[in-house]
Amino acid sequence: KGASLHISHWNGHRTPEQLYSDLSTEIALRFIKTPASRQEKWDTAVVVNNHFDTDGVCSAYILLKPDMGWKYRRILVDAAAVGDFDEWPRMDVNALKLHGAIMAIGEAGSSDAEKYELVLGRMDSLLRD
């Protein structure tokens, strides 16, 4: 028993064509709106990433907390764009602040796994504040 879904915009990705976008955050948002995302096999799925960055944090957050991810989708996408492309899409200072907070909190971790743990544990409060 198991399930696998590749959510990536990196070269050599295996992301389903209908979900693809230039940001993993946008791919995760597309996935959580599909009927397939509500299948039981995803209830115990594990989210992994091979590097730490804002796009990875935002996409993992969306997959782990789809309701919160959808509610804060705009700032999550904009923060991911700041991190991946050095772009400030809608001139939303909050997206820039979120990216900065994610990176600053992550600096306290000694490994990518620890960085994810530290940041994901604070995402709810970062988004609400």
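**Reading the helices: questions and answers**

Reader: How many salt bridges does the count come to, and what makes a pair qualify as one?

Author: The count comes to one salt bridge. The rule asks for a side-chain nitrogen of Lys or Arg within 4 Å of a carboxyl oxygen of Asp or Glu. Before we go on, this is a predicted model, in which local features need pLDDT of at least 70 and side-chain atom pairs pLDDT 80 or more, while totals for chains, interfaces and linings use all residues. Residues are numbered from 1 along each chain as its sequence is written, and side-chain values use heavy atoms, leaving out hydrogens and water.

Reader: Why is the pair of aspartate 124 and lysine 65 called a salt bridge?

Author: The side chains of aspartate 124 and lysine 65 meet with an N to O distance of 2.5 Å, which lies within the limit, so the name applies. Side chains of opposite charge can pair when their charged atoms come close.

Reader: What does this pair tie together?

Author: Aspartate 124 lies in helix α7 (residues 123-128) and lysine 65 in the loop between α2 (54-64) and α3 (66-71), so the bridge ties together parts 59 residues apart in sequence.

Reader: What makes lysine 65 partly exposed?

Author: Its relative accessible area is 34%.

Reader: Why is phenylalanine 31 called buried?

Author: Phenylalanine 31, in helix α1, has 8% relative accessibility, so it falls in the buried class.

Reader: What makes α2 count as mostly covered, and what covers its buried residues?

Author: Nine of the 11 residues of α2 are buried, including Val57, Cys58 and Tyr61. The cover over these buried residues includes α1, α3, α4, α5, α6 and α7.

Reader: How do you know that tyrosine 72 is buried, and which residues does tyrosine 72 touch?

Author: Tyrosine 72 sits in the loop between α3 and α4, and its relative accessible area of 16% puts it among the buried residues. Leaving aside residues up to four places away in sequence, it touches Leu127 and Arg128, where contact means heavy atoms within 4.5 Å. Tyrosine 72 and leucine 127 are 55 residues apart in sequence, yet their C-alpha atoms are 7.2 Å apart.

Reader: What makes a group of residues a nonpolar core, and which members touch the most others?

Author: A nonpolar core is a set of buried Ala, Val, Leu, Ile, Met, Phe, Trp, Tyr and Cys residues joined through side-chain atoms within 4.5 Å. In the largest one, with 30 residues, Val57, Leu76, Leu98, Ile102, Val119, Met123 and Leu127 touch the most other members. Helix α4 gives the largest share, six residues. As for methionine 123, it touches Val57, Tyr61, Leu76, Leu98 and Ile102, not counting residues up to four places away in sequence. In soluble globular proteins, nonpolar side chains tend to be buried together.

Reader: How do α4 and α5 pack, and which residues meet?

Author: Helix α4 (residues 73-85) and helix α5 (residues 93-106) pack at about 65 degrees, with axes 8 Å apart. The residues that meet include Leu76 and Val82 in α4 and Asn94 and Leu98 in α5. Those in the contact divide into seven nonpolar, three polar and one charged.

Reader: Is asparagine 94 buried, exposed or partly exposed?

Author: Asparagine 94, in helix α5, is partly exposed, with a relative accessible area of 41%. Its C-alpha is 7.2 Å from that of isoleucine 75, which is 19 residues away in sequence.

Terms used
Axes are lines fitted to C-alpha atoms, for helices over the stretch in contact, and angles run from 0 to 180 degrees between N-to-C directions. Helices (H or I, at least four residues) and strands (E, at least two) are DSSP runs, numbered from the N terminus. Ala, Val, Leu, Ile, Met, Phe, Trp, Tyr, Cys and Pro count as nonpolar, Asp, Glu, Lys and Arg as charged, and the others, Gly among them, as polar. Buried means under 20% relative accessible area, exposed over 50%, partly exposed in between (1.4 Å probe, protein chains only).
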